Amino acid sequence: MSSTSLAWIYLVLSGVADVAWAVSTKFSNGYSRLSWTLVSIVALVVFLSLLTQALKTLPLGTAYAVWTGIGAVGSVLCGVLLFGEAITISRATAMLVIAGGVIALKIVPA
């Protein structure tokens, strides 16, 4: 596996860990629930570590845009599924635009 392929894997996993961090932070209730606070801290360390590894190979602008896109779309989906947040046509369309941009950044040569 090439270092670029591995960097993309690190980046996607970092985005997923970012979503886990956001969700666990919400569940921690302002860091007042110890177990969720610990999960939040672990997820933070994991996403920072993976993002650091990805940035050793990938261009900063591309990596950051993809990472935030994964975090944004993942957090909205978790908000809808776990916390009963509203999903509208406008929000769904916005998520599709973000996801399309993330995919385009992956397939367009740097």
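Helices (H or I, at least four residues) and strands (E, at least two) are DSSP runs, numbered from the N terminus. By that rule, the protein chain has 4 helices and 0 strands. Tyr-31 lies in the loop between α1 and α2. This is a predicted model: local features need pLDDT of at least 70, side-chain atom pairs count only at pLDDT 80 or more, and totals for chains, interfaces and linings use all residues. Residues are numbered from 1 along each chain as its sequence is written, and side-chain values use heavy atoms, with hydrogens and water left out.

**Overall build**

- The elements run α-α-α-α from the N terminus on.
- The C-alpha atoms fill a box of roughly 45 × 35 × 20 Å, taken along the principal axes.
- The protein chain has 110 residues, and 28% of them are buried. Buried means under 20% relative accessible area, exposed means over 50%, and partly exposed is in between (1.4 Å probe, protein chains only).
- The accessible surface is about 6,600 Å². Carbon and sulfur atoms hold 74% of that surface. Accessible areas come from the Shrake-Rupley method with a 1.4 Å probe; for residues, only the protein chains shown count as cover.
- Take the contacts with a separation of 6 or more: 68% of them join residues 24 or more positions apart. Contact means heavy atoms within 4.5 Å.

**Helix pair α1 and α2**

- Helix α1 covers residues 3-27 and helix α2 covers residues 34-55. They pack at an angle of about 160°, and their axes are 8 Å apart. Axes are lines fitted to C-alpha atoms, for helices over the stretch in contact, and angles run from 0 to 180 degrees between N-to-C directions.
- That angle makes α1 roughly antiparallel to α2. Angles under 35 degrees count as roughly parallel, over 145 as roughly antiparallel, 65 to 115 as roughly perpendicular and the rest as oblique.
- The α1 and α2 crossing is left-handed. A crossing is left-handed if the near helix is turned anticlockwise from the far one by less than a right angle, and right-handed if clockwise.
- On the α1 side, the contact residues include Tyr-10, Leu-11, Asp-18 and Trp-21. On the α2 side, they include Trp-36, Val-39, Phe-47 and Leu-50.
- By class, the contact of α1 with α2 has 17 nonpolar, 5 polar and 1 charged residues. Ala, Val, Leu, Ile, Met, Phe, Trp, Tyr, Cys and Pro count as nonpolar, Asp, Glu, Lys and Arg as charged, and the others, Gly among them, as polar.

**The loop between α1 and α2**

- Asn-29 lies in this loop. Asn-29 is exposed, with a relative accessible area of 53%.
- Asn-29 has a positive phi of about 55°, although it is not a glycine.
- Tyr-31 also has a positive phi, about 60°, and is not a glycine.
- Tyr-31 counts as partly exposed, at 44% relative accessibility.
- Tyr-31 touches Trp-21, Thr-25, Thr-37 and Ser-40, not counting residues up to four places away in sequence.

**Helix pair α3 and α4**

- Helix α3 covers residues 60-83 and helix α4 covers residues 89-107. Their packing angle is about 150°, with axes 9 Å apart.
- α3 and α4 are therefore roughly antiparallel to each other.
- The α3 and α4 crossing is left-handed.
- In α3, the contact residues include Thr-62, Val-66, Gly-69 and Ile-70. In α4, they include Arg-91, Met-95, Ile-98 and Leu-105.
- The residues of this contact divide into 11 nonpolar, 2 polar and 1 charged.

- Thr-62 sits in helix α3. Thr-62 is buried, at 17% relative accessible area.
- Thr-62 touches Trp-8 and Leu-105, not counting residues up to four places away in sequence.
- Gly-71 is in helix α3. Gly-71 is buried, with a relative accessible area of 6%.
- Leaving aside neighbours within four places in sequence, Gly-71 is in contact with Gly-15, Asp-18 and Val-19.
- Gly-71 and Leu-58 are 13 residues apart in sequence. In space, C-alpha to C-alpha, Gly-71 and Leu-58 are 18 Å apart.
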